[in-house]
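User: I am new to this structure and would like a guided look at it. Could we begin with how far the model can be trusted?

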Amino acid sequence: MVKKQFNPADYRQKQEKKLNQGRKPGFVYDVVLDDETFTNVFKNASTACVLDYLEGKQYLGLMYPSQPCTCMVCNPLLFKLLNLPTMWAYEPLTGMYVYYFASTDETTFNRLENLENEGIISVSSCQGVIFNKYTLPKLCPDWADYKLSKLPQLTPKNLDLIEETAKKVIENKNNFFQVNKFKSIYNMPLALSQKLGKVVLSINTHILIEHLLQFMTHSSAVIDNTYCDVYLVNYAQFCKGLAFHGKHKRKDVVINETFKELQYHAIIDKFKIIDDKLTFESALITKHIKQRIRRNMGYYCQLPPTKQAPIIATFINYLYWIVNCPSNFGLIISCSLSI
């Protein structure tokens, strides 16, 4: 395959087209210095002017609404949980999203201001989006369907949703938390399947893994797994769904033992159970939890409770890893096994 040669003129044309798209609803551009205060250099600049300035590393572009509106800045998690019916822009340099609504009354604006929390949510009447030549603003797919003069109003229903969701995200600022109703499915990351195919773990440990994966699959980690490491679980609720093999030990004891087994094999990094809260960390699983390889709950409970069950589970995990590997890699593994 012949690699297409980079054409600066084509690249410039694509940049112009994208920036011009931002003007359609009524946004304008300024050129600012890349300093702490973003000192203004050129106001209401043309697209060509902006791109010319961006060739210099000391300059940035600023896209902002030409008339007042209600602008709500959200981190990626809050943005995706809200999914509000209005136009939005993504600021690549900060990783934040901006929702745009029609100007609202003072009472509503004050309610939004009361939610402000650094790095999660803030509001203003004219929020700009900063960018450079390599990372232009990302605009919502239906951006061209909106006009600043006819933006949607913030309805009471929208406002209630924003308050409820923002408070939940703020309260769990340092934790992954449950965001969806549990279903009897979970994501099994390929990296975890590979790990489980190399070590022999008890069936009870496999059962615990399934319930951990079920929680992780329905947690905020699937939406954004970059902002924290710790999972927070209601311990009493977690225990209700667990049915271990064997009857000679209390459930609390088995849970503790299985967590320690997972910790020994570096599948779980840390765990703590205090009162009704379970917290745990897993860099291995969190990194790959977004993989859309689905499995039904109860996968390991079907194995007979014999001494060979852990070995069978390990072999199944290994086969599962081979089957779900990228095709070429899986073929190589299969060939090596047959040899």
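Analyst: One term comes first: pLDDT is the predictor's confidence in each residue, on a scale from 0 to 100. The term applies here because this is a predicted model.

User: What does the protein chain average in pLDDT?

Analyst: The mean pLDDT of the protein chain is 90, and 95% of the residues score at least 70.

User: Which elements have the lowest and the highest mean pLDDT?

Analyst: Helix H12, residues 327–338, has the lowest mean, 48. Strand S6, residues 96–101, has the highest, 97.

User: Where does pLDDT stay under 50?

Analyst: That happens over residues 330–339, for which the model has 8 contacts beyond four places in sequence. Where pLDDT is low, the predicted coordinates should not be read in detail.

User: Which residues of H2 are buried, and what covers them?

Analyst: The buried residues of H2 are Thr47, Cys49, Val50, Leu51 and Leu54. Their cover includes helix H1 (8–23), strand S1 (27–33), strand S2, strand S3 (59–65) and strand S8 (129–131).

User: Strand S8 is interesting. Is Ile130 buried or exposed?

Analyst: Ile130, a residue of strand S8, counts as buried because its relative accessibility is 8%, and the cut-off for buried is under 20%. Beyond its neighbours within four places in sequence, Ile130 is in contact with Val32, Phe38, Leu60, Gly61, Leu62, Glu91, Pro92 and Leu93. Ile130 and Pro92 are 38 residues apart in sequence, while their C-alpha atoms are 7.8 Å apart in space.

User: Now the helices. At what angle do the axes of H7 and H9 cross?

Analyst: The axes of helix H7 (residues 203–217) and helix H9 (residues 251–264) cross at roughly 85° and come within 9 Å. H7 is therefore roughly perpendicular to H9, a description that covers angles of 65 to 115 degrees.

User: Which residues meet there?

Analyst: From H7, Asn204, Thr205, Leu208, Ile209 and Leu212 take part. From H9, the partners are Val254, Ile255, Thr258, Phe259, Glu261 and Leu262.

User: What about Glu210: buried or exposed?

Analyst: Glu210 is located in helix H7 and counts as buried, at 1% relative accessibility. Setting aside its neighbours within four places in sequence, Glu210 is in contact with Tyr186, Asn296, Met297, Gly298, Tyr299 and Tyr300. The C-alpha atoms of Glu210 and Met188 are separated by 8.6 Å, and these residues are 22 residues apart along the chain.

User: And where is Ser219?

Analyst: Ser219 lies in the loop between H7 and strand S12 (230–234). Ser219 counts as buried because its relative accessibility is 1%. With neighbours within four places in sequence left aside, Ser219 is in contact with Phe176, Phe177, Gln178, Val179 and Tyr231.

User: One last topic, the backbone. What is the phi of Asn44, and what is that of Asp275?

Analyst: Phi of Asn44 is near 45°, a positive value in a residue other than glycine. Asp275, which is not a glycine, has a positive phi of about 55°.

User: Where do they sit, and are they buried or exposed?

Analyst: Asn44 is in the loop between strand S2 (40–42) and helix H2 (47–54), and counts as exposed at 52% relative accessibility. Asp275 is in the loop between strand S13 (270–274) and strand S14 (277–281), and is exposed with a relative accessible area of 70%.

Conventions: Residues are numbered from 1 along each chain as its sequence is written. This is a predicted model: local features need pLDDT of at least 70, side-chain atom pairs count only at pLDDT 80 or more; totals for chains, interfaces and linings use all residues. Side-chain values use heavy atoms; hydrogens and water are left out. Helices (H or I, at least four residues) and strands (E, at least two) are DSSP runs, numbered from the N terminus. Contact means heavy atoms within 4.5 Å. Axes are lines fitted to C-alpha atoms, for helices over the stretch in contact, and angles run from 0 to 180 degrees between N-to-C directions. Angles under 35 degrees count as roughly parallel, over 145 as roughly antiparallel, 65 to 115 as roughly perpendicular and the rest as oblique. Buried means under 20% relative accessible area, exposed over 50%, partly exposed in between (1.4 Å probe, protein chains only).
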